[in-house]
Amino acid sequence: MSELVMEVRMASSPVQVFAAFETPFLLRRWYGAPPGCFRTGAEGDVGTGEPFQVNLIDAQGVPFVQRGRILDVVPAERLELEMSWEGGPLGGPEVTRAELRFHPDGGGTRFEVIQGPFSRPEAQEAHRAYWKASLERLSRVAAGEALPCFEEFWDESCGYAGRLGVAAYAVLAGMREAGAAPEALAQAEALLYTHLSRLPPETAELLGAVLHSRLTGGG
């Protein structure tokens, strides 16, 4: 058995960082998705002691879930939860406990993660990569950056997924980050979401295969 210990410094204060936990609009922008995967929603009650579930898809669009339960919360100081996975890159029956600590550090935060026990080193390292990606997003969200959110795309497109859906999301995210005018974004969203959902399954599968092949250097 082993334990994972990580520490990251964030420019935002503990109060600002904690706000990204307690505000659903912010939480879904950073929490839940391992590298290369996407969060599509959540269920349950995040109140102390109540079970919750985060719904995700992997890079191939295959669904999996994270199950958890908040064990203890001291706002802007400490949060403790237990978590497990069904499917996905971190999948397995193992239930671990993670304690997240918010330490004031000048005007910022020294954020600490302690999680375990892990029975396999592979699981420990997979969670290290998971927290590294998550905390990078958390730091940006806490600082006020408007990160693109796949879950919002999922909601707006009525659950349209697959390679074409991810490609559409990438286009819209790129336009947002490039500072496209709201009117241009609205037109692009309407065009993409309307026509993607109307594609016959065979056409969507074919176009998705072409897209995947080109992105992976196959043509």
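**Questions and answers on a predicted model**

Tutor: The second largest pocket has a volume of about 370 Å³. The model in which it is found is predicted.

Student: Which residues line the second largest pocket, and which lie nearest its centre?

Tutor: The lining comprises 22 residues, and those nearest the centre are Arg 29, Arg 137, Pro 148, Phe 150 and Tyr 169. Four elements each supply at least two lining residues: strand E2 (38–44), helix H3 (121–142), helix H4 (150–156) and helix H5 (162–177). Of the contributors, H3 gives the most, with three residues.

Student: What makes up the lining of the second largest pocket in terms of nonpolar, polar and charged residues?

Tutor: The lining divides into twelve nonpolar residues, eight charged and two polar. Among the residues nearest the centre, Arg 29 and Arg 137 belong to the charged class because Arg is counted there. Pro 148, Phe 150 and Tyr 169 belong to the nonpolar class because Pro, Phe and Tyr are counted there.

Student: Why are Cys 37 and Cys 149 called buried?

Tutor: The term applies under 20% relative accessible area. Cys 37 has a value of 11% and therefore counts as buried. Cys 149 has a value of 6% and therefore also counts as buried.

Student: What makes Asp 58 buried, and where is it found?

Tutor: Asp 58 is in the loop between strand E3 (51–57) and strand E4 (63–74). Its relative accessibility is 16%, so it counts as buried. Beyond its neighbours within four places in sequence, Asp 58 is in contact with Gly 36, Cys 37 and Phe 64.

Student: How do you know that Asp 58 makes a polar contact with Val 62?

Tutor: A polar atom of the Asp 58 side chain lies 2.9 Å from the backbone nitrogen of Val 62. The cut-off is 3.5 Å, so this distance meets it.

Student: Why is Gln 124 called buried, and what does it touch?

Tutor: Gln 124, in helix H3, has a relative accessible area of 11% and is therefore buried. Apart from residues up to four places away in sequence, Gln 124 touches Ser 2, Glu 3, Leu 4 and Phe 118. The side chains of Gln 124 and Ser 2 are joined by a polar contact of 2.4 Å.

Student: Why is Pro 200 called partly exposed?

Tutor: Partly exposed is the class between buried, under 20%, and exposed, over 50%. Pro 200 has a relative accessible area of 39% and therefore belongs to that class. Pro 200 is in the loop between helix H6 (182–198) and helix H7 (201–215).

Student: What is noted about the backbone at Ala 76 and at Pro 117?

Tutor: Ala 76, in the loop between E4 and strand E5 (78–86), has a phi near 65°, a positive value in a residue other than glycine. Pro 117, in strand E7 (residues 108–118), is joined to Gly 116 by a cis peptide bond with omega about -5°.

Note on methods
Residues numbered from 1 in each chain as written. Predicted model: local features only at pLDDT ≥ 70, side-chain atom pairs only at ≥ 80, totals over all residues. Heavy atoms only, no water. Buried < 20%, exposed > 50% of the residue type's maximum accessible area, 1.4 Å probe, protein only. Polar contact = N/O pair within 3.5 Å; in protein donor to acceptor, adjacent residues only side chain to side chain. Contact = heavy atoms within 4.5 Å. 1 Å grid on protein atoms, 1.4 Å probe; cavity = no way out; pocket = protein on both sides within 12 Å on 5 of 7 lines; lining within 4 Å. Points joined across faces, edges and corners; volume = space filled by probe spheres on them.
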